Amino acid sequence: MRIETKCIQEGWKPRNGEPRVLPIYQSTTYKYDSTKHVGKLFNLEVPGHMYSRISNPTVECVEQKIAALEGGVGAMLCASGQAATLISIMNIAHAGDSIVSASNIYGGTFNLLKITLAKFGIEVIFVDPDKEDLEKYVKPNTKAIFGETIANASLKVFDIAAAARIAHKHGLPLIVDNTFPTPVLCRPFEFGADIVIHSTTKYMDGHATVVGGCIVDSGKFDWTNGKFPGLTEPDDSYHGLSYVKTFGSLAYIVKARVQLMRDLGANMTAQTAFLLNLGLETLALRMERHSYNAQKVAEYLANHPKAAWVHYPSLKGDSEYARAQKYLPKGSAGVISFGVKGGREAAVKFMDGLKLAAIVVHVADARTCVLHPASATHRQLSDADLTKAGIQPELIRLSVGIEHVDDIIEDLEQSFANL
Ligand SMILES: *Cc1c(COP(=O)(O)O)cnc(C)c1O
């Protein structure tokens with residue numbers, strides 16, 4: 001099946017007489033015929049649901065759909081993108097370990113990796129992969145390389161294949177946050193990534209209704225090279241079971257669920273998964289329109305005398321253009337960044353003059369919206385860290401929606417006229 005078809009047909013597959021649409025299994029718990037069966041479930045000897053903190057039939061169907069979209073062997077939905085990022089790393093790293101991460105990443109992820117993981121004893125080393133060789137920072141205690149396909153908000157395109165080569169040379173997995181492109185525009189596993197994570201809050205939901213996250217496992221990484229005892233050695237909380245021996249290519253994603261989701265409890269609810277699934281059904285259509293509209297708006301801004309600069313990976317002449325052609329040939333989603341002539345003050349005035357595009361702390365949904373990262377999502381970063389993350393003070397992040405593109409451009413035009 002093509003991706004457009006998978007968005008509709010994967011996941012819930014009703015049998016004769018069953019509901020056409022994915023049902024919401026609004027139940028925390030499950031009923032069994034014997035105590036013996038429950039024992040087997042808790043020993044992970046038989047598949048099945050134990051408790052909705054660990055798994056739920058509605059959530060499971062949506063996990064299967066996302067795994068199919070990315071081309072992975074399994075997926076786990078989480079309460080948020082942040083939870084997905086945290087679990088994806090905690091699943092393989094602990095106190096005394098280090099991670100090498102691209103410095104161009106989402107501000108929330110930057111905080112999580114830099115401040116909170118440091119408190120857990122995990123050191124994250126930030127490197128700008130366009131300026132320095134990631135490999136220089138790989139140490140004996142390094143457990144993964146991390147980056148975002150299209151960085152939020154700098155819109156740098158991560159050279160996934162190059163990072164995968166370095167990671168694999170050192171026996172490390174490459175974890176890629178694929179939130180902005182979604183699997184419709186880029187499938188990182190095809191370029192060597194081993195684990196993909198998502199904030200499903202963005203395009204996957206697409207309607208700004210539910211917060212969520214997802215971890216997808218390619219099933220291809222070899223965890224038996226001695227660096228990942230948590231996956232190969234006995235887990236005392238399951239009578240000495242080894243994830244690799246018992247679950248083979250599913251080891252990473254099963255461990256994330258039965259060990260970390262069990263213990264951390266950052267699960268997605270059935271109602272949220274139901275809403276997310278509605279969004280996923282139209283994901284391919286929406287990504288096509290977001291990309292088409294954003295391309296037109298980027299071209300409009302590139303020719304506007306009051307715009308200082310514009311950055312959109314698929315715009316000819318953009319610093320990311322060559323990489324976008326390789327990784328994002330169908331377009332680079334709906335997010336554009338640009339600067340208004342006149343710096344920070346003019347940027348704020350321009351934003352306040354918009355009528356259709358709303359000021360929100362969100363990106364990547366059906367409605368066109370704008371955000372000034374320096375005074376919102378990234379305001380906790382110092383000027384030095386702002387620059388490291390590629391955010392100028394006059395930068396406006398424009399998330400182009402799926403309205404008619406002429407209406408979006410007319411709105412920008414009337415606000416430019418006020419400057
Ligand atoms: C929003 C976002 C996150 C965090 O996801 P939440 O669902 O808000 O927790 C992580 N990565 C990227 C690229 C994001 O845009």
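Predicted model: local features only at pLDDT ≥ 70, side-chain atom pairs only at ≥ 80, totals over all residues.
- Strand E12 covers residues 395-399, and strands (E, at least two residues) are DSSP runs numbered from the N terminus.
- Of the 5 residues in E12, 5 are buried, where buried means under 20% relative accessible area, exposed over 50%, and partly exposed in between, with a 1.4 Å probe and protein chains only.
- Leu-395, Arg-397 and Ser-399 point one way from E12, whereas Ile-396 and Leu-398 point the other way.
- E12 pairs with strand E9 (residues 335-340) in the antiparallel sense over 5 bridges, and two strands pair if DSSP finds at least two bridges between them.
- Strand E11 (residues 369-371) also runs antiparallel to E12, joined to it by 3 bridges, and here Cys-369 stands opposite Ser-399.

**The ligand and its surroundings**

- The ligand is surrounded by 15 residues, and the closest are Asn-152, Asp-177, Ser-199, Thr-201 and Lys-202; a residue is near a molecule if one of its heavy atoms lies within 4 Å of it.
- The shell consists of 3 nonpolar, 9 polar and 3 charged residues.
- One oxygen atom of the ligand lies 2.9 Å from an N or O atom in the side chain of Asn-152, and a nitrogen atom of the ligand lies 2.7 Å from a polar side-chain atom of Asp-177.
- Taken alone, the ligand exposes 380 Å², of which the protein buries 92%, with areas from the Shrake-Rupley method and a 1.4 Å probe.

**Salt bridges**

- The structure holds 14 salt bridges, each being a side-chain nitrogen of Lys or Arg within 4 Å of a carboxyl oxygen of Asp or Glu.
- One of them joins Glu-10 and Lys-13 at 3.3 Å, N to O; Glu-10 counts as buried at 15% relative accessibility, whereas Lys-13 is exposed at 52%.
- Another joins Glu-123 and Lys-139 at 2.7 Å, N to O; because Glu-123 lies in strand E3 (residues 123-127) and Lys-139 in the loop between E3 and strand E4 (142-148), the pair ties together parts that are 16 residues apart in sequence.

Note on methods. Residues numbered from 1 in each chain as written. Heavy atoms only, no water. Helix = DSSP H or I, 4+ residues; strand = E, 2+ residues; numbered from the N terminus. Polar contact = N/O pair within 3.5 Å; in protein donor to acceptor, adjacent residues only side chain to side chain. Nonpolar A, V, L, I, M, F, W, Y, C, P; charged D, E, K, R; others polar.
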